[in-house]
Amino acid sequence: MDFTTFVKPTNGGSGDADAGIQELQFCKHVKYIENHGKQEDDYEYCMTEFLRMSGIYWGVTALDIMGQLDRLERKHIIEFVKRCQCSTTGGFAPCEGHDPHMLYTLSAVQILCTYDALNEIDCEAVVRFIVGLQQPDGSFFGDKWGEVDTRFSFCAVATLTLLKRMEQTIDIDKAVQFIMSCCNQTDGGFGSKPGAESHAGLIYCCVGFLSLTHRLHLLDVDKLGWWLCERQLGSGGLNGRPEKLPDVCYSWWVLSSLTIMGRLHWISSEKLQQFILSCQDAETGGFSDRTGNMPDIFHTLFGIGGLSLLGHSGLKAINPTLCMPQYIVDRLAIKPQILSRP
Amino acid sequence: MHGRVKVRTTEEERERKKKEHALKVRAYRAAMGRILKKRDAGELDDEMLGLTVQILHRNPDVTTLWNIRRECVLEKIKQLSEAEAESNKSDEVQAEAGAEEKPAAPEDKLQSVYGQELNVTEQCLMVNPKSYNAWHHRCWTLEQNPQADWQREVQLCNKYLKYDERNFHTWDFRRFVTAKAAVPAEQELDFCTEKIKVNFSNYSSWHHRSLLLPTLYPNEQRDRPMSEEKLQQELEMVLTAAFTDPNDSSAWFYQRWLLGGGAQADQAPKVVAFRMGVTGAVIAFKKPCPDFEQLKVELSSNEDSWQLQSWQPADSRRTTWKNQTPIDYQKDRSYSLKLSEQEIKLLPLPTGDGAFYFVPPHAASSCSKELLDELQTQLQSCFDLLEYEPDSKWTLLTSALLMRAIDATANHERSLEHLVELEKVDALRKGYYKDLAACWTLELELAKWATSIKFPKRFELTSESALTSLPYGQYLAIADELELSEELKEELGDRLPQTFAELKLQE
């Protein structure tokens, strides 16, 4: 398939004021993702098998956003996902031989939604897995070993939303109470547990959680929005906490949170776009965390996703809450809450 | 994968790396294969612990291997307790037989099982101090052990925070173990002070501090984060920190929190505007109130009372609600409104065709003389610094906030000037400063409106500065006419607030 038709110049070819801006290395990124994992004996690939399910979700989603989903073997991927569902608990493992976990359960369900293949698995077993991990205080364990984290609250409601089983399964009010108990008075942000320092990645999880449960009114948008827009640094990139380095993945966490809160106009989109494009690897394709570093599949999704949220041409729209193509979210008739501008 | 710089390598170097990687892959596969086979066979023994640690030392993020270790630990605990039960039984037998010798205490063996797990996590944290899995395993092990030495864990945190004072995992662990060790909050506050003295640029430490102060020095009215006396001391301390390096944001964030309104205790939805007439009623809240339909709203006059039912949202955020059922308003009666434990006295409209209630946003908290003096001193220090560094972003913003804390109305124009300046020196956040200017402007405009002769039927934006947003739009729900610039109306589009006049009776 000839996909060069998807490649469009970033600024309509006029190139006047933005002459120095890099263009999106569309073909190279497609190749990078396509080749990722073709060499099974690759060291990096082998060492990251403990998160394989998420790795596939990152690749599938990035390719779909680029309109190139058919470059991967749908059938093989679905078969792999099916093999990872635990017959006892109903949760998903990152790959065969590993244990099921909330993180990989969301990734598995996201992959199946993208492929419109939820009917291939036992969805009721997934619901049971998630319901079983909710605790009396409303929080969620990641698996039976008891780690509590707001990331798992997000995974739980996102998975149930995609399965359309949020109602009458978990205790939503309790789950909301737990999330709000992790909100910090100082900056309006959230950490991984009550009392934990605010962190952009966990803010995304909590803002996304409130978007899925339609409780965004509980946020102090002015306070949190200010802290988030202060993450943008001179390079245009965003960091995850004050006085830290910028990073493509934090750029996504902050950007999506600001979008959900209707405050995208509080940062410079133009500068952020420049930063993300500067993190492309022009030789191998893929995005790295920062300019000049090694690319990986994780930052590749968040680079592509960030550009999509910023309206880069040639990319499909992405949903800021679920980090999935908008057309899939529409197909499922899911409407995460989004606030309007003031 | 974070922070791995891409380096150019020679062909030779690449070959060497490739061979090394191939060996590592083979070793990983072999160990992993053996582990899974043993697990299937239920062999949760010392060999298993040895195999898992080989991989975890290199890669502490393989969750399943930690799970297997936990299975091994539980198995060992089970075996030890069985052995103990067994030996107790034989003790009894021996006691009866008159023997005196005792076997090795199982408690020591148990402690060495826990000790080994703590050692493994410590080794793994050396490799990756941000491994969620290693930290969790440490917490899990400690929780299993009724004899856990929590004091030792506090010491470990002190050590780790010396290596990296911003590692949020260490701070989270610290909060966990200090609670277990019952470390007094005062002592933790001293620890924070020490940390901040070593390095002011430590947002994590300021954060930890912000959790301790409101409980150690509570503010009765809850309109400030802590008692006024303590607040004054904190303001002094934080300004010293901020001035040490005015480009470092950590202290300035803390400063803005100190100047803010404290914990928002308003659980009940706070009514800010209400109006009723023959065509119905509108009600506006300070914050969105999406569950308003579930609240009981009662209108009363003398001995009579009526339930106001069937409300509909009047904006997308559900901050304003309307009711299009006709109300039989009698102008010679006085009315009040009751909802969720609030009773609101309504005022008659000057035109006699209804009643209303209104409270403008941002009523400034009262300030003691001492606190006011401190704020004045701080403002002067900021002005002094701006003399030398007129483009200092944080000083510009903080001085604007200080001016507003001292007297928002009198300093209105000047604080807006600072925001205009900030749009230039901090252009990335231009949109934020514009919206903040709109907030401050509306706060003043709404306060002025409440005392104007056209109140509450007509609202005119008297400000000269061009607004690009209309915060506090819900406060305008009681007006019939909004006099806004065409540009602003265009900008707002369908976000333009509905007026009372637009309230039509239901067919």
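## Inside chain A

Two salt bridges are counted between domain 1 and domain 2 of chain A; a salt bridge is a side-chain nitrogen of Lys or Arg within 4 Å of a carboxyl oxygen of Asp or Glu. The model is predicted: local features need pLDDT of at least 70, side-chain atom pairs count only at pLDDT 80 or more, and totals for chains, interfaces and linings use all residues. One salt bridge joins the side chains of A:Asp64 and A:Lys316 (3.0 Å, N to O).

Domain 1 of chain A spans 47-174 and domain 2 spans 182-341. These bounds come from an automatic or database domain assignment. Their centres, taken over C-alpha atoms, lie 21 Å apart. Domain 1 of chain A brings 29 residues to the contact and domain 2 of chain A brings 35, where contact means heavy atoms within 4.5 Å.

The two domains of chain A bury about 2,700 Å² between them, 72% of it on carbon and sulfur atoms. Buried area is the accessible area (1.4 Å probe) that two parts lose on being put together, summed over both. A:Trp58, A:Ile65 and A:Phe154 supply 26% of the area that domain 1 of chain A buries against domain 2 of chain A, more than any other three residues.

## Chain A against chain B

Here 66 residues of chain A are in contact with 67 residues of chain B. The buried area is about 6,000 Å², with 54% from carbon and sulfur atoms. In chain A, A:Trp145, A:Glu197 and A:Trp226 lose the most area to chain B, together 14% of what that side buries.

Seven salt bridges are counted between the chains A and B. One of them pairs B:Arg39 with A:Asp99, the closest N and O atoms being 2.7 Å apart.

## Confidence and chain B

The predictor gives the complex an ipTM of 0.94 and a pTM of 0.94. Chain B averages a pLDDT of 91, and 94% of its residues score at least 70. pLDDT is the predictor's confidence in each residue, from 0 to 100.

Chain B is assigned domain 1 (11-80 + 109-148), domain 2 (194-259) and domain 3 (271-364 + 407-506). The centres of domain 1 and domain 2 of chain B are 41 Å apart, taken over C-alpha atoms.

Residues are numbered from 1 along each chain as its sequence is written, chains are lettered from A and ligands numbered from 1 in the order in which they are written, and side-chain values use heavy atoms, with hydrogens and water left out.
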